[in-house]
Amino acid sequence: MPIDWIMGLVGGVLIGTAAAIFLLVNGRIMGASGIIGGLVDGSGRSDWQERAALIAGLFIIPGLVALAMGGSETNLTGNWAIITVAGLLVGVGTRFANGCTSGHGVCGISRLSLRGIVATAFYIGAGGLTVVLFKHVLGVI
Amino acid sequence: MRIFVSFLVGSLFGLGLLISGMTNTAKVQGWLDIFGDWDPTLAFVMGGAIIPMAIAWRFTIGRKPVLAEAFPPAPEQKLGRNLVLGSTLFGMGWGLAGLCPGPAIASLGFAGPGGWLFVGAMIAGMVAAPSLRARLDQRTVAV
């Protein structure tokens, strides 16, 4: 639906603006997996307050806005086995690759980083094949 | 001040994810589902996000960050096992649940217990990753 595309574009510009502010003001890359990962595995101890503050904003503000709108649909599966396996894969994978959709996708592609482009091609490819396999072949998602 | 900016950046990031519909796993899986009822929204989100960031990268040339000493150095452009294997595993998890790290945190407030389970498992995976990588390195050397 075109309205969804416009909302996507507007939301995307907000995401990119956030990443631009983080880069130009704090001199940092806004990659969600790197910021969370550095906090939980101890590698980002020196700037833990900045990491924690970013995650706090990322958690609190959409939560409050969704609450004000009377909730927001996530359509997350109710299958806890799938959620657990998916979470583990996302956690391990993003730390192996040193980036996710925000770091490799938004921040990497925008500076024409070869690593960002290759990573994005692989996670979109793997994601597409996974949806095809688990939705259309196996019918579990 | 840097901490306040970080909070602001996280807030804007989260708001963008919510507005764009990226906290809705059906839209993400709909974009990955090229053989089903394909939903192009994610391409608009990516495009919209890359534009201000591309301008920001150009702006860094010959300048310094406002509140830091230097911009992050250009990363090594090495395409190795970790990048390919990691991105593939990440993509599989992304496809299965329709969540990546940013939206997983942004939707915690309204995703119910499943959202917390996902983030818990994701953190467990992140904590396990360094030792897994070390073990894989050892085996690669042994072979």
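Author: Let's go through the helices, the contact between the chains, the core and a few single residues.

Author: Some ground rules come before anything else. This is a predicted model, where local features need pLDDT of at least 70, side-chain atom pairs count only at pLDDT 80 or more, and totals for chains, interfaces and linings use all residues. Residues are numbered from 1 along each chain as its sequence is written, while chains are lettered from A and ligands numbered from 1 in the order in which they are written.

Reader: How many helices and strands are there in chain A?

Author: Helices (H or I, at least four residues) and strands (E, at least two) are DSSP runs, numbered from the N terminus. Chain A has six helices and zero strands, and its C-alpha trace spans about 45 × 35 × 30 Å along the principal axes.

Reader: What share of chain A counts as buried?

Author: A residue is buried if 20 or more other C-beta atoms lie within 10 Å of its own, exposed if 12 or fewer, and partly exposed in between, with C-beta atoms placed from the backbone. By that count, 57% of the 141 residues of chain A are buried.

Reader: How many residues does each chain bring to the contact between A and B?

Author: In general, the size of an interface is often given as the accessible area lost when the parts come together. Here we count residues: two are in contact if their C-beta atoms, placed from the backbone, lie within 7 Å. Chain A puts in 99 residues and chain B 101. On the chain A side, α1, α2, α3, α4, α5 and α6 each supply at least two residues, and α1(A) gives the most, with 22. Sorted by class, that side has 57 nonpolar, 33 polar and nine charged residues. For the classes, Ala, Val, Leu, Ile, Met, Phe, Trp, Tyr, Cys and Pro count as nonpolar, Asp, Glu, Lys and Arg as charged, and the others, Gly among them, as polar.

Reader: At what angle do α5 of chain A and α3 of chain B pack?

Author: Two packed helices are described by the angle between their axes and the distance between the axes. Axes are lines fitted to C-alpha atoms, for helices over the stretch in contact, and angles run from 0 to 180 degrees between N-to-C directions. Helix α5 (residues 101-109) of chain A and helix α3 (residues 41-60) of chain B pack at about 50°, with axes 8 Å apart. That makes α5(A) and α3(B) oblique to each other; angles under 35 degrees count as roughly parallel, over 145 as roughly antiparallel, 65 to 115 as roughly perpendicular and the rest as oblique. From α5(A) come A:G105, A:V106, A:C107 and A:I109, and from α3(B) come B:M46, B:A49, B:I50 and B:M53. In class terms, the contact has seven nonpolar residues, one polar and no charged.

Reader: Which residues have the most contacts inside the largest nonpolar core?

Author: A nonpolar core is a set of buried Ala, Val, Leu, Ile, Met, Phe, Trp, Tyr and Cys residues joined through C-beta atoms within 7 Å. The largest has 84 residues, and A:A18, A:A19, B:A49, B:I105 and B:F118 have the most contacts inside it. α1(A) gives the most to this core, eleven residues. Not counting residues up to four places away in sequence, B:I105 touches A:A32, A:I55, A:L58, A:F59 and B:V119.

Reader: What covers the buried residues of α3(A)?

Author: The cover includes α1 and α2 of chain A, together with α1 and α5 of chain B. Among the buried residues of α3(A) are A:E50, A:R51, A:I55, A:L58 and A:F59. Just after α3(A), A:G70 takes a positive phi of about 80°.

Reader: Where does A:N98 sit, and is A:N98 buried or exposed?

Author: Most residues other than glycine have a negative phi, and most peptide bonds are trans. A:N98 is not a glycine, yet has a positive phi of about 60°. A:N98 sits in the loop between α4 and α5 of chain A and, with 20 C-beta neighbours inside 10 Å, counts as buried. A:L112 also has a positive phi, near 55°; A:L112 lies in the loop between α5 and α6 of chain A, and its 10 C-beta neighbours inside 10 Å make A:L112 exposed.

Reader: Which residues does B:A68 touch?

Author: Leaving out residues up to four places away in sequence, B:A68 touches A:N26 and A:G27. B:A68 is in the loop between α3 and α4 of chain B and counts as partly exposed, with 15 C-beta neighbours inside 10 Å.
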